[in-house]
Amino acid sequence: MSRLVTSSLSVTRPARRTRGGTVVLRRVLTAVWLPIVLLAVWWFASANSTSPFFQPLQLILSQTWDQWVTQGAWTNAVASVRNLLIGYAAGGILGIAFGSLLWRSLRLRQAANPIVYFLYVLPAPALLPAMIAIFGIGPMRQIALITFGAIWPTLLNALDGMRGIDSVKFDTAKVLRIGGWRRYFTIVLPGAAPQIAAGLRASLTVSIILMVVSEMVASNAGIGFFILQAQASFAIIKMWTGILVLAILGTVLNYIFVVVEHAVLRWYYRSRALGS
Amino acid sequence: MEGTTLTTTETVLAVEGLKKVYNEGTQAAFTAIQSVSFTVQRGEFVCIVGPSGAGKTTLLRALAGLAAPTDGTVTFEGAKLDGVPAKLGLVFQDYSRSLYPWLTNGRNVGAPLAARGIPKSERTARVREALEAVGLGGVEKKYPWELSGGMQQRVAIARSLSYRPDLLLMDEPFASVDAQTRFDLEDLVLRVRRDLGITVVLVTHDIDEAIYLSDRIVVLSGNPSVVKEVVDVPLGSERTQTATRSSEEFLALRNHLLSLVMPARV
């Protein structure tokens with residue numbers, strides 16, 4: 001799991017709670033100085049370029065605005081984000097649900113274990129032709145593919161997190177007579193929540209990849225479709241604007257994820273910061 | 001099973017010929033408890049002491065209904081134990097493992113009340129009442145990990161008291177706190193027991209603690225454990241850490257118990 005988790009952006013690691021303006025300013029500067037330097041280098045190094053494959057950054061930026069805002073390519077982004085959110089939400093919910101079922105039943109776990117790992121290691125893009133055959137051409141099979149890929153990291157992390165809950169917590173629940181669904185929502189879900197969040201984070205990364213891949217095959221909308229079409233018609237700058245939009249989208253989604261995660265798991269990050 | 005039928009007998013807990021064997025019938029079979037019998041009367045404070053490895057925690061789990069004995073019976077308020085009774089409280093040794101860090105102290109203490117279907121308005125009052133009984137006021141909105149170790153164990157005790165159990169079991173409840181806090185918590189438990197008229201069974205390896213708290217002490221032998229002796233502790237109901245612990249009776253009991261727990265060593 002950690003393979004997928006660590007592959008996400010490291011700038012969005014949990015920040016320590018610090019107070020005071022200078023500390024915050026220093027932290028922000030530590031995080032952004034390198035990207036700013038690199039952008040500046042790109043800007044000036046490409047300024048006078050005449051190569052069709054290495055265009056000036058200034059041109060790419062102004063083209064991005066033209067293409068995506070003025071000329072209406074934003075509808076591609078809307079289609080992508082819609083598929084992504086539906087597919088990711090379904091995958092996350094199914095992942096937690098199936099993970100819970102496997103945690104609950106040892107027999108089911110033993111039976112499903114080989115299948116789960118078999119499907120987990122199967123590269124999801126390989127299923128694209130099958131998805132087209134099943135769902136035809138349209139957003140349904142894109143959503144289905146994203147859902148399929150998003151299930152596994154969440155499922156395995158949820159199962160692992162639930163199995164990792166201290167047995168004393170369950171003994172306590174038994175003595176306090178907390179059982180059934182109440183036990184699930186008061187102890188099992190919150191107890192596994194930090195690891196479920198790690199799984200959801202990895203699922204988000206997988207979902208974004210699958211969103212792009214599914215739009216590059218037999219599709220007529222989406223950011224992936226836009227990028228591939230631009231490249232095929234030798235509109236290199238246009239292609240770069242698509243990649244830029246994709247990068248911005250990924251960063252924003254990851255950032256939103258971290259903000260929500262820290263709000264929901266406030267107890268977890270604060271208790272860890274206190275060292276208990 | 002629920003112990004809801006109030007029996008006229010004064011015996012709250014009766015243990016008869018309790019035996020616990022792990023991995024029975026296999027090569028790895030291990031007898032933790034050979035045969036243990038004793039009874040606890042209503043309002044009594046009974047400590048169970050024994051050397052480490054004497055199966056004290058195993059015994060307590062069987063008394064709580066968390067583990068079924070291999071042989072023998074545990075009777076709680078006249079009914080044979082079959083699962084954890086509703087009128088039983090249990091305080092575990094390690095508060096960091098038994099408290100739920102994702103719930104505030106108020107919700108930790110209120111959790112057993114919510115599970116019993118007590119409405120929120122009444123719950124708030126009873127949570128405050130339970131926390132005040134252990135000397136904690138105004139911590140409802142804080143989380144357990146924001147408190148000191150001793151205070152966290154108080155929250156765990158308050159949680160066990162919140163649903164007003166008839167019997168409170170405690171498994172080495174003061175082993176994870178420092179010596180000063182330990183004395184404070186011992187006095188707290190004595191006070192709570194007197195105020196609420198509750199019956200307490202406490203497991204400890206600390207002989208001094210057992211004498212200071214108990215009306216009676218059940219001394220277990222080492223492994224596999226049997227009851228070596230049940231010692232009466234006639235120290236009265238008014239006890240103080242300094243005076244009681246230095247009294248003649250206390251020291252005599254201490255010598256007697258030491259000879260039981262570690263015989264033929266010197």
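Student: What pLDDT does chain B average?

Tutor: This is a predicted model, and 95% of the residues of chain B score at least 70. The average pLDDT of chain B is 90.

Student: Over which residues of chain B is the pLDDT below 50?

Tutor: The stretch in question has 13 contacts in the model beyond near neighbours in sequence. Where pLDDT is low, the predicted coordinates should not be read in detail. The pLDDT is below 50 over residues 1-8 of chain B.

Student: How many residues does the contact between the chains take from chain A?

Tutor: Both chains contribute to this contact, with 20 residues coming from chain B. From chain A, the contact takes 18 residues.

Student: Which elements of chain B each supply at least two residues of the side that touches chain A?

Tutor: One of these elements is a strand spanning 88-91, namely β6. Two helices, at 95-98 and 105-115, also qualify. The elements are therefore β6, α2 and α3 of chain B.

Student: How many residues of that side of chain B are nonpolar?

Tutor: The side of chain B that touches chain A includes two polar and three charged residues. Its nonpolar residues number 15.

Student: What distance separates the centres of domain 1 and domain 2 of chain B?

Tutor: Domain 1 of chain B covers 7-87 + 175-261, and domain 2 covers 95-164. Their contact takes nine residues from domain 1 and eight residues from domain 2. Taken over C-alpha atoms, the centres are separated by 25 Å.

Notes
Residues numbered from 1 in each chain as written. Chains lettered and ligands numbered in written order. Predicted model: local features only at pLDDT ≥ 70, side-chain atom pairs only at ≥ 80, totals over all residues. Contact = placed C-beta atoms within 7 Å. Helix = DSSP H or I, 4+ residues; strand = E, 2+ residues; numbered from the N terminus. Nonpolar A, V, L, I, M, F, W, Y, C, P; charged D, E, K, R; others polar. pLDDT = per-residue confidence, 0-100. Domains from an automatic or database assignment.
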